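User: Hi! I've just started learning to read protein models, and I'd like to go through one with you. Can we take it feature by feature?

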Amino acid sequence: KNKKILIVGATSGDTGSAALEAFKNKFNIDLFILFPNKKVSKIQQKQMTTIFGRGCQSIAINSDFDGCQSIVKNLFKDLKFKDEFSLSAINSINWARLIPQVVYYFYSAFRVGAPRKSVCFSVPTGNFGNIFAGWIARQMGLPVTKLICGSNKNDILNRFFKTGIMERKNVMPSYSPSMDIQVSSNFERLLFELFERDTDKLKKFMFQFETNNKYDIGNSSLQKIKNLFFSHKVTDKEILNEIKYTFEKNNYLIDPHTAVGLKAAREALSAGIIENDTPIVSLACAHPAKFPDVIEKSLKFEPKNPSILEKILTKDEFFETLEVDINKIKSHIISNMRTQ
């Protein structure tokens, strides 16, 4: 239709580089990616900041991922800005991001025996998008008996599944930085379903969280979802141990986020909540070469970079660094758009 749109995304590491690579030459689309300054791995940053041009660039925000995501949400609340520039989002606050994720739940379940047998999934998660795609797959009829929620030291989701209380605390840097999140935006979608799509009730809880950094859904509501979800917190030390265990046992190198999923799956097995003949699919995340420092801490060597990453490492970086100031960020985006 030859329309022009503006896409703004917040990334905790990988979505941003994927989006920039996909849209860098689409001249009817402007794309700006916000990432937390000095809170992604060096290679993840290089993947973003070596793609730079008018209308397609990354912006380092002096905040954490939650701060970046909040900026994107506030841009959508500005209806004049949203409508004037045909604003869209690229990360999982956009429903369209979840749709293709649902597909690999079906694909992988079929590979291990579904629909004749049930299956469990272990998902390392911070923003709750990927694991919510698994919930969608189950609603569509996939025989999923358990969704295992793996958290790192930023364990807001794990604490919720234990108590029914969602409480925001300070984000702590971890060995799995893409999960360093305290505001799991997609959890709102699960609450929407849990509250039987009562939008007034949902708004009340979201307002509580926005004003008090906390809400409590109560034990009866919690029990409705605890039957499906199991959660576990994985420490940095356990991440290192899981990387080492998997490499020594299977000669397979995993990244720290994948390690969270595998460790959580083992905990679910040892807790006896999953039958021994039920397969568990543990979702993998990024290439381990993106986290050489963590791999070196675990295995005493750095992983070999794929050739395309080697090329990126020699390129110059270009990016802006901005404070959490919605007006300045909006002004920067407008002045650097190519579709105007």
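User: Let's start inside: what volume does the largest cavity have?

Analyst: Two ground rules before that. This is a predicted model, where local features need pLDDT of at least 70 and side-chain atom pairs count only at pLDDT 80 or more, while totals for chains, interfaces and linings use all residues. Residues are numbered from 1 along each chain as its sequence is written, and side-chain values use heavy atoms, with hydrogens and water left out.

Now the general idea: rolling a probe the size of a water molecule over the atoms shows where empty space is left. On a 1 Å grid over the protein atoms alone, a cavity is a set of points where a 1.4 Å probe fits but cannot get out. Points are joined across faces, edges and corners, and the volume is the space filled by probe spheres set on them. In this model the largest cavity comes to about 40 Å³, and the count is one cavity of 30 Å³ or more.

User: Which residues line the largest cavity?

Analyst: A lining residue has an atom within 4 Å of a grid point. Here they are T125, G126, S151, N152, N154, I156, L157, M179 and I181. Sorted by class, that's four nonpolar, five polar and no charged residues. (Nonpolar means Ala, Val, Leu, Ile, Met, Phe, Trp, Tyr, Cys and Pro; charged means Asp, Glu, Lys and Arg; the others, Gly among them, are polar.)

User: And pockets? What volume does the largest pocket have?

Analyst: A pocket is an open set of points with protein on both sides within 12 Å along at least five of seven lines. The largest pocket has a volume of about 830 Å³. It is lined by 26 residues, and K73, V183, S185, E188 and E210 are the closest to its centre. Helices α3 (65-77), α8 (187-194) and α9 (199-212) each give two or more residues to this lining, with the largest share, seven residues, coming from α3. Its classes are 11 nonpolar, seven polar and eight charged.

User: How many residues line the second largest pocket?

Analyst: There are 28, with S12, T15, R97, Q101 and N130 nearest its centre. Its volume is about 640 Å³. The lining divides into 12 nonpolar, 14 polar and two charged residues. The largest share, three residues, comes from α5.

User: On to the sheets. In what order do the strands of the five-stranded sheet sit?

Analyst: Helices (H or I, at least four residues) and strands (E, at least two) are DSSP runs numbered from the N terminus, and two strands pair if DSSP finds at least two bridges between them. The five strands go β4-β1-β2-β3-β11 in an open sheet with parallel pairing. β4 (87-89) and β11 (320-322) are the edge strands, each pairing on one side only. Inside the sheet, β1 (residues 5-10) and β2 (residues 29-36) pair over six bridges: I5 stands opposite I29, and I7 has L31 as its bridge partner.

User: Is β2 mostly covered or mostly open?

Analyst: Mostly covered: eight of its eight residues are buried, meaning under 20% relative accessible area with a 1.4 Å probe, protein chains only. I29, L31, I33 and F35 are on one side, with D30, F32, L34 and P36 on the other.

User: What does F23 touch, its sequence neighbours aside?

Analyst: Contact means heavy atoms within 4.5 Å. Leaving out neighbours within four places in sequence, F23 is in contact with I7, I29, L31, C56, I90 and R338. F23 itself is in helix α1 (residues 15-23).

User: Which strands does α3 lie across?

Analyst: Here you compare axes, lines fitted to C-alpha atoms (for helices, over the stretch in contact), with angles from 0 to 180 degrees between N-to-C directions. α3 lies across β1, β2, β3 (56-61) and β4, at about 155° to β1. Helix α15 (residues 326-335) also packs on this sheet, touching β1, β2, β3 and β11.

User: And what is the strand order in the four-stranded sheet?

Analyst: That open sheet runs β9-β6-β5-β10, with parallel pairing. The edge strands are β9 (229-233) and β10 (280-282). Six bridges join β5 (residues 119-124) to β6 (residues 144-151), and C120 stands opposite K146. Helix α6 (residues 129-139) lies across β5, β6 and β9, at about 175° to β6.

Note on methods. Buried means under 20% relative accessible area, exposed over 50%, partly exposed in between (1.4 Å probe, protein chains only).
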